[in-house]
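Let's take a friendly walk through a protein model together. Keep the sequence and the 3D view open as you read.

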Amino acid sequence: MVTAVFNHKGGVGKSTTTVNLATGLTNRGYKVLVVDMDAQHNATDYLGLKVSRSDMTIYDVLFDGLDPHKAIYSTAIEGLFCLPASERMINASLRLNQDQIAIPSARLFSSFKKFALSSEYDYVFLDCPSDLDAVSANALNAAEYCIVPCFADRFSKSGLVNVVTAIEKAAENGCGTEISLLGILLCNFRSMTKTAKRNLEEISSAIPEATFQTVIRQSAAIPDSIEICKPVSCLPKSPASEDFEKLTTEFLVRTNKIAQITKLASGK
Ligand SMILES: Nc1ncnc2c1ncn2[C@@H]1O[C@H](COP(=O)(O)OP(=O)(O)O)[C@@H](O)[C@H]1O
Ligand SMILES: [Mg+2]
């Protein structure tokens, strides 16, 4: 099952969510792959991978038709794998837009299909760049679900319209997998402030079924864990480790529920 972690706003917790939710699922015995789609390669770094110039990355998968299996590396966490990104992804969107042959947004989907990648993992997460660009479009096309991390502030709230539109566009596009919004996830949440509480209420009442009940509270454990390149569950218990535990449970409940609804709808 492939899930894109997407929001065109930067610094809202996409890479943090990708790495810690993926780890949460690995801790429960699932085999998980994190695909880093971002030139900033934060998920790659967070997972402790050092990628050299000669190492194969997502760039080679997208542009040279490389079998993704050849660019997948194991991490320090058993059962958690990473298909890394590097700075080479900086010009990826431009290259995709110049693509004359294939549908530019279908490259990742086609690669996963050709090399039967997703069936080998229980869960695949795509950590998207902070942009509504052709790279994100590739991720949304290859994904069945989308998680949208966001802050409980005014700018994030108004930007959600663009995020939902991009997901709907990918869903209508028809060249990849059918995608549905799994949930909006409030990250870096300052539970003590009135503004954050009000914005959380507004977001969840606007799209109630699409907002995760779990919120990821602001916690010093997150920057600490990024600093040492280890997920929060490897550090002493913290609000962040508790919240990602809860999120892991809610993710499993939500994906099962949606899978059942889809089965019913298709009459299988
Ligand atoms: N719950 C949190 N508590 C404290 N800091 C956080 C939290 N979530 C994210 N951050 C900080 O915000 C920064 C941006 O997060 P990141 O996951 O890299 O965002 P994105 O991938 O959307 O750009 C990180 O440096 C991280 O330390
Ligand atoms: Mg990121």
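What volume does the largest pocket have? Its volume is about 480 Å³.

## Ground rules

This is a predicted model, in which local features need pLDDT of at least 70 and side-chain atom pairs count only at pLDDT 80 or more, while totals for chains, interfaces and linings use all residues. Residues are numbered from 1 along each chain as its sequence is written, chains are lettered from A and ligands numbered from 1 in the order in which they are written, and side-chain values use heavy atoms, with hydrogens and water left out.

## The largest pocket

Rolling a probe the size of a water molecule over the atoms shows where empty space is left. On a 1 Å grid over the protein atoms alone, a pocket is an open set of points where a 1.4 Å probe fits, with protein on both sides within 12 Å along at least five of seven lines; lining residues have an atom within 4 Å of a point. Grid points are joined across faces, edges and corners, and the volume is the space filled by probe spheres set on the points.

The lining of the largest pocket has 26 residues, and those nearest its centre are Gly 11, Gly 13, Lys 14, Thr 16 and Ile 226. Helices α1 (14-27), α2 (42-46) and α9 (221-227) each give two or more residues to this lining. Helices (H or I, at least four residues) and strands (E, at least two) are DSSP runs, numbered from the N terminus. By class, the lining has eleven nonpolar, eleven polar and four charged residues. Here Ala, Val, Leu, Ile, Met, Phe, Trp, Tyr, Cys and Pro count as nonpolar, Asp, Glu, Lys and Arg as charged, and the others, Gly among them, as polar.

Is helix α6 mostly covered or mostly uncovered? Helix α6 (residues 134-142) is mostly covered, with eight of its nine residues buried. Buried means under 20% relative accessible area, exposed means over 50%, and partly exposed is in between (1.4 Å probe, protein chains only). Among the buried residues are Val 135, Ser 136 and Leu 140. At the N-terminal end, Asp 133 caps α6: one of its side-chain oxygens lies 3.2 Å from the backbone nitrogen of Val 135.

Ala 139 belongs to α6 and counts as buried because its relative accessibility is 0%. Leaving aside neighbours within four places in sequence, Ala 139 is in contact (heavy atoms within 4.5 Å) with Ala 4, Met 37, Leu 108, Leu 126 and Cys 128.

Ser 225 sits in helix α9 and is buried, at 0% relative accessibility. Which residues does Ser 225 contact, leaving aside neighbours within four places in sequence? They are Tyr 46, Lys 230, Pro 231, Val 232 and Leu 235. Tyr 46 is 179 residues away along the chain, yet the C-alpha atoms of Ser 225 and Tyr 46 are separated by 8.2 Å.

Ala 220 is in the loop between α8 (194-206) and α9, and it counts as exposed, at 54% relative accessibility. Glu 250, in helix α10 (residues 239-266), is buried with a relative accessible area of 12%. Not counting residues up to four places away in sequence, Glu 250 touches Phe 212, Gln 213 and Thr 214.

## Two positive phi values

Most residues other than glycine have a negative phi. His 41 has a positive phi, near 40 degrees, and lies in the loop between β2 (32-36) and α2. His 41 is buried, with a relative accessible area of 15%.

Asn 188 also has a positive phi, near 55 degrees. The place of Asn 188 is the loop between β7 (180-186) and α8, where it is partly exposed at 36% relative accessible area.

## Cysteines without a bond

How many disulfides are there? With a disulfide taken as a pair of cysteine sulfur atoms within 2.5 Å, the count is zero. Cys 229 is in no disulfide either, as the nearest cysteine sulfur, that of Cys 234, is 11 Å away. Cys 82 is buried at 0% relative accessible area, whereas Cys 229 is partly exposed at 28%.

Key
A polar contact is a pair of N or O atoms within 3.5 Å; within protein, one must be able to donate a hydrogen and the other to accept it, and residues adjacent in sequence count only if both atoms are side-chain atoms.
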